[in-house]
Amino acid sequence: MKVVVDTNIWVSLAIGSKSITYDFFELLNSTNIEFIVCEGLIDEIVATLEKEKIRNYLSKDRVILLFDILENHTSSFISHSKNTFCRDLNDDYLINLAIDSESEILITGDKDLLILNSVENIKILTIKQLLDFIKKPS
């Protein structure tokens with residue numbers, strides 16, 4: 001299963017949010033998930049981590065952990081689509097990435113994305129909803 005992870009989840013992981021960290025590592029240990037990223041997503045993660053209000057919550061070890069995960073547990077994809085789906089146009093690239101990479105799921109904490117529920121067969125879920133989805137008997 002291919003999954004696109006929104007910046008807010010990656011940043012929460014870097015900050016050390018206990019619930020996000022626990023849930024993310026549960027996903028990471030799931031053998032059937034391929035995390036999809038693109039250059040724009042990595043750039044957004046870096047730019048967010050560089051913000052002063054975020055830097056105050058970061059530790060060197062957590063940032064190293066995040067970039068280790070990004071380097072070793074994600075697949076990079078180039079998305080060319082420019083479709084519009086969201087109220088916040090800055091989030092459209094995530095849906096386009098999910099569509100172009102043939103991902104099944106986009107996980108986020110962003111209400112502007114979550115309100116969509118799904119777009120072109122891409123489920124838009126919280127990390128908890130994805131875990132529930134994976135654990136649900138077929």
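Contact means that heavy atoms lie within 4.5 Å of each other. The model shown in these views is predicted, so local features need pLDDT of at least 70, side-chain atom pairs count only at pLDDT 80 or more, and totals for chains, interfaces and linings use all residues. Residues are numbered from 1 along each chain as its sequence is written, and side-chain values use heavy atoms, with hydrogens and water left out.

View A. Leucine 125 is placed in strand β6 (residues 122–125); helices (H or I, at least four residues) and strands (E, at least two) are DSSP runs, numbered from the N terminus. Residues up to four places away in sequence aside, leucine 125 touches Ile105, Leu106, Ile107, Thr108, Leu114 and Leu130. Leucine 125 counts as buried because its relative accessibility is 13%. Buried means under 20% relative accessible area, exposed over 50%, and partly exposed in between (1.4 Å probe, protein chains only). From C-alpha to C-alpha, leucine 125 is 18 Å from serine 17, and the two are 108 residues apart in sequence.

View B. Within helix α2 (residues 18–28), the buried residues include Ile20, Thr21, Asp23, Phe24, Leu27 and Leu28. Among the elements that cover the buried residues of α2 are β1 (2–5), α1 (7–15), β2 (34–37), α5 (60–72), β4 (105–107) and α8 (127–135). Threonine 21, a residue of α2, counts as buried because its relative accessibility is 13%. Beyond its neighbours within four places in sequence, threonine 21 is in contact with Leu13, Gly16 and Arg62.

**View C. Phenylalanine 24 in the largest nonpolar core.** A nonpolar core is a set of buried Ala, Val, Leu, Ile, Met, Phe, Trp, Tyr and Cys residues joined through side-chain atoms within 4.5 Å. The largest such core has 41 residues, and Trp10 and Phe24 have the most contacts inside it. Helix α1 contributes the largest share of this core, five residues. Apart from neighbours within four places in sequence, phenylalanine 24 is in contact with Val5, Ile9, Trp10, Leu13, Phe35, Ile69 and Ile127. In soluble globular proteins, nonpolar side chains tend to be buried together.

**View D. The buried side of helix α3.** In α3, the buried residues are Leu41, Ile45, Thr48 and Leu49. These residues lie on the same side of α3, because they cover an arc of only 100° around the axis; the arc is that of the directions from the helix axis to the C-beta atoms. The elements against which they pack are β1, α1, β2, α4 (52–55), α5 and α6.

**View E. Glutamate 104 in a loop.** The loop between α6 and β4 holds glutamate 104. Because its relative accessibility is 40%, glutamate 104 counts as partly exposed. With residues up to four places away in sequence not counted, glutamate 104 touches Met1, Lys2, Asn121, Ile122 and Lys123. A distance of 24 Å separates the C-alpha atoms of glutamate 104 and phenylalanine 67, which are 37 residues apart along the chain.
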